[in-house]
Amino acid sequence: MRDISIPDVVFEFFRLCKLEPLEIRKGVWQVQIDDVLMKELDGWRAKGRLLQFTFDKKLAETYGAELIGPGSYRINSILELIRKQATLSHAYLPHTVFHEPSIRRKVTQRLGDERASKVYVLTNSLLYDEYLWMVMSISFVTHQKEEQIQTPLVNLASGKLLSFSIPTHLFCSGRPPSENISRRKTTYKQAYTSVYHHLTQEVSLMDSTWAAEALDRLQEERSKLEAYYEDHLDEQKRAEKTRELIKRASPKVQIRAIRGAVLYIPLFQYRLMEVLKNGQESIRTIYYDPVSNSLEEAATKTRPD
Amino acid sequence: MDLSYLPITGSPVSQREAHQELQLPQFTVEISQSSFTQIVSQIRKKQFDTWDWFLLAAQADHLSASQQHFSELIALDYLADRWRQVGVIPYPHQIKTAERVMYEMHGQAILADEVGLGKTIEAGLILKEYMLRGLVRKTLILTPASLVWQWYQELYEKFNIISGIQRSKWDWEYADTLIASLDTAKREPHAALITEIPYDMIIIDEAHKLKNSSTASFKFVNSLQKKYCLMLTATPIQNDLKELYNLISLLKPGQLGSYRSFKSRFVQDKRTPKNPQELKGLLSKVMIRNKRGEGTVQFTKRVVHPIIVSLTPTEKELYQRVTHFVKQSSSKKSRTNILPLITLQREVCSSFLATGLTLQKMMDNAEEPVPPNIASLLSELAQVKQNSKCDALEKLMTQLDDKVIIFTEYKASQEYIRYRLERAGYTTLGFDGTLSRGKKEWTRYMFQRSAQVLVSTESGGEGLNFQFCNQVINFDLPWNPMRLEQRIGRVHRLGQTRDVHIYNLITKDTIEEHIMYLLHQKINMFEMIIGELDAILLHLKLNRSFESELMEIFLKHDQAESIRKELDLFGSRFLQGQKEIKASTWDLF
């Protein structure tokens with residue numbers, strides 16, 4: 001995902017709400033918000049009004065406009081509302097994003113170089129691979145909490161987990177126009193399992209100083225608790241308080257899916273005639289995945305019924 | 001406009017959900033299943049949202065997460081606009097306190113600031129910070145019943161936290177942030193329900209009520225399941241170091257070790273600590289006490305204006321007769337039965353109307369035959385047409401052109417004052433204990449908006465704040481200085497930007513003059529630091545007996561000189577207590 005700035009999110013939010021903020025002074029905008037949206041933003045007591053806002057602290061003080069900046073009330077209310085939306089979507093990457101003749105050249109050249117053969121394209125067609133793109137929240141919790149967002153991508157046809165970032169802005173909403181979609185070999189549950197295995201693996205390799213510190217603190221508090229109960233005979237209370245302490249102070253990582261999208265990414269299929277040096281000819285079907293820049297033999301791909 | 005552009009397709013993912021756990025050497029990994037199950041069920045139902053909204057939501061996820069990395073309080077930026085609107089200026093000591101509670105004390109602290117330094121604001125700020133960081137959802141706030149409404153209002157106005165006020169047993173489970181009276185909560189069937197709920201945060205106001213470990217309140221709070229806990233009290237220690245031990249053990253059992261070890265390490269006698277420095281170190285890990293005069297907060301001045309009112313000969317005569325009646329009757333009664341007489345003696349300094357009502361009540365309750373002196377006093381009271389104190393009040397009012405709060409102890413006096421002032425052309429409002437919470441709030445609002453005078457009885461002195469007003473008239477003086485302090489404390493606290501003028505109406509040659517001498521000249525209570533007064537009273541165990549001790553002096557002595565002499569002695573005892581407190585212990589925080 002590209003770098004995200006607060007103004008980008010705010011203006012995109014207003015655009016999607018079909019509102020157009022007007023810049024009344026340099027750096028100060030105003031937009032008329034109706035009752036319904038205002039209630040969504042500020043709770044049921046709120047009423048529609050003209051919202052004047054700015055991203056600059058000085059301008060906010062000078063003109064009394066609402067400040068939309070890191071941590072401000074307004075950015076929080078907007079983010080909260082946005083986050084309640086769209087837990088699931090689907091989109092496809094149009095094949096037109098790619099320059100097919102270049103791909104064709106690349107495929108034939110690469111195969112030719114590998115086997116020292118000559119390769120000719122007989123036919124070509126287009127197929128889409130289905131992916132599950134997850135927005136995952138990873139929270140590191142002790143007495144404090146820090147959240148990270150990770151966006152792993154799982155190819156549902158191959159079950160492979162890909163960790164590169166996808167050019168989301170190039171995608172179009174909905175299913176692809178073509179019905180040629182690779183058959184899923186991985187269930188959603190399997191995909192999710194591989195996602196959380198991957199994330200668990202990642203967090204276990206991360207710097208765990210925070211957890212070590214929390215454990216030290218927990219140990220210290222636990223010994224104090226033990227000392228307190230030296231004089232008490234109430235075993236049940238001691239156990240209760242110990243449980244409460246562990247629940248409160250032990251370090252944990254919480255992994256949670258926030259939202260997911262089913263993505264369709266084109267796969268270029270080529271039926272090729274390969275002529276080896278000894279004159280032997282063979283026909284092969286190759287799939288080229290432009291996202292991972294990989295070639296695959298047809299045996300692994302089947303068309304959907 | 002409809003909200004069709006907001007593509008809500010599924011219920012928001014629950015915070016408390018089914019998960020599986022994986023134990024790694026240093027931490028546990030909790031993997032939520034239910035949020036994913038919801039997503040899959042949406043896929044099956046083909047409930048897809050548009051890609052644009054989805055991308056925006058994913059960007060919002062990234063932005064929200066990035067805000068949690070701030071090492072400063074995020075609530076300050078969040079609340080900046082709101083505070084500007086409602087006129088809240090956070091003081092540096094409040095911000096520092098919130099930071100310490102967050103980063104050093106991990107959400108478990110006793111906030112023990114002196115009265116008026118804004119403990120509620122500190123607690124609200126901490127609560128909001130935890131809420132914004134997603135660490136607190138279920139909160140219970142336990143307060144004295146009289147403060148429930150104030151908490152509700154402060155949380156909403158200053159922190160945009162919409163809470164519920166507990167009214168039925170169903171509320172415990174239903175509301176995420178609930179304010180309840182501790183006395184209600186500790187009773188069944190409530191207590192059993194509450195102890196089953198795992199709270200993220202518990203806030204206990206006036207926590208000194210939990211100092212005794214054998215009380216039902218202590219046991220109840222000790223049984224609550226809590227992740228973070230804030231205890232608010234201005235008087236963390238009163239009489240005994242054990243009370244301090246109990247309070248801290250309730251918050252963090254073991255912080256001071258077992259009671260045996262605490263006693264041997266830190267207790268010389270119940271009021272004197274051993275190793276105070278070490279104890280101080282341990283306390284500072286769980287307790288924060290900000291004091292006035294430490295350079296953290298600049299308070300405005302209190303300017304005291306005693307106004308001596310001379311009674312007319314008729315009023316004077318009547319005053320003497322009532323006093324004589326009180327002395328006569330008290331000699332026949334036991335100590336426990338003299339309360340109505342104390343009231344009568346105090347009322348006679350306020351208004352004859354109030355005195356008349358009490359006498360009427362005494363006559364109604366008297367066994368047959370009706371004491372002749374009561375009847376004759378009543379008929380004489382009915383003859384009095386003048387009230388010198390009210391005349392003086394009217395005269396004083398002509399010199400004040402701003403909002404004024406007039407305090408009186410008695411409802412009858414309150415009504416009479418309102419009648420007189422309304423007649424003189426002032427807009428007045430009445431404020432007393434019989435008003436419902438909503439009406440109290442409405443009265444406060446109306447006072448702020450339109451009326452010039454608020455006439456309040458003692459019960460009105462508790463609970464609400466009137467910082468927008470800076471003039472207080474004490475129409476009569478309560479005999480207990482704490483009650484007087486509470487009256488002044490309504491206006492002289494954080495948020496007051498002007499000097500506070502206190503006008504005390506004192507009737508000449510009456511007990512009131514002696515009271516004023518004791519409070520103002522002898523112990524100088526008007527200049528005293530707020531938290532100091534209650535500590536001294538508790539130290540001298542005078543909190544409840546102050547009035548009866550004074551009454552005893554007045555009953556025993558007839559001559560003004562001898563009363564003055566006794567009051568001097570009494571005052572010296574008070575000042576001695578003040579010295580002792582300053583020199584002792586309680587400099588532990």
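Colleague: Which residue in β7(B) stands opposite B:Thr139?

Modeller: B:Met201 does. Keep in mind that this is a predicted model. B:Thr139 belongs to β4(B), which pairs with β7 (residues 198-204) of chain B in the parallel sense.

Colleague: What makes β4(B) and β7(B) count as paired?

Modeller: Two strands need at least two bridges between them. β4(B) and β7(B) have four bridges, so they pass. β4(B) is also joined to β6 (residues 177-181) of chain B, by five bridges and running parallel, so that pair passes too. There, B:Leu140 stands opposite B:Leu178.

Colleague: Why is β4(B) described as mostly covered?

Modeller: Five of its five residues, 139-143, are buried. B:Thr139, B:Ile141 and B:Thr143 point one way, while B:Leu140 and B:Leu142 point the other way.

Colleague: Over to chain A. What makes β1 and β4 edge strands there?

Modeller: Four strands of chain A form an open sheet with mixed pairing, in the order β1-β2-β3-β4. β1 (22-25) and β4 (66-67) each have a single partner strand, so one side of each is left without a neighbour in the sheet. Further in, β2 (residues 28-33) and β3 (residues 49-54) of chain A pair antiparallel over six bridges, with A:Val28 opposite A:Thr54.

Colleague: B:Glu512 is a glutamate. How do you know whether B:Glu512 is buried or exposed?

Modeller: The cut-off for buried is under 20% relative accessible area. B:Glu512 has 3%, so it is buried. B:Glu512 lies in helix α22 of chain B and touches, among others, B:Cys349, B:Lys389, B:Phe475 and B:Asp476.

Colleague: And A:Val121, with its 23% relative accessibility: why is that called partly exposed?

Modeller: Buried needs under 20% and exposed needs over 50%. At 23%, A:Val121 falls in between, so it counts as partly exposed. A:Val121 sits in β6 (residues 118-141) of chain A and touches A:Arg104, A:Thr108, A:Tyr270, A:Arg271 and A:Leu272, leaving out residues up to four places away in sequence. A:Val121 and A:Glu274 are 153 residues apart in sequence, with 8.8 Å between their C-alpha atoms.

Colleague: Where is the largest nonpolar core, and which residues touch the most other members?

Modeller: That core has 60 residues, and B:Leu359, B:Phe447 and B:Leu550 touch the most other members. Helix α22 (residues 511-522) of chain B gives the largest share, six residues. A second, separate core of 48 residues includes A:Ile6, A:Leu93, A:Ile149 and B:Ala57. As for B:Leu550, the residues that it touches include B:Trp479, B:Ile515 and B:Phe570.

Colleague: What makes the contact of B:Asp52 with A:Arg15 a salt bridge?

Modeller: The nitrogen has to be within 4 Å of the carboxyl oxygen. Here the closest N and O atoms are 3.4 Å apart, so the pair qualifies. Chain A and chain B share five salt bridges. Their contact takes 91 residues from chain A and 86 residues from chain B, burying about 8400 Å², with 61% of it on carbon and sulfur atoms.

Notes: Residues are numbered from 1 along each chain as its sequence is written. Chains are lettered from A and ligands numbered from 1 in the order in which they are written. This is a predicted model: local features need pLDDT of at least 70, side-chain atom pairs count only at pLDDT 80 or more; totals for chains, interfaces and linings use all residues. Side-chain values use heavy atoms; hydrogens and water are left out. Buried means under 20% relative accessible area, exposed over 50%, partly exposed in between (1.4 Å probe, protein chains only). Helices (H or I, at least four residues) and strands (E, at least two) are DSSP runs, numbered from the N terminus. A nonpolar core is a set of buried Ala, Val, Leu, Ile, Met, Phe, Trp, Tyr and Cys residues joined through side-chain atoms within 4.5 Å. Contact means heavy atoms within 4.5 Å. Buried area is the accessible area (1.4 Å probe) that two parts lose on being put together, summed over both. A salt bridge is a side-chain nitrogen of Lys or Arg within 4 Å of a carboxyl oxygen of Asp or Glu.
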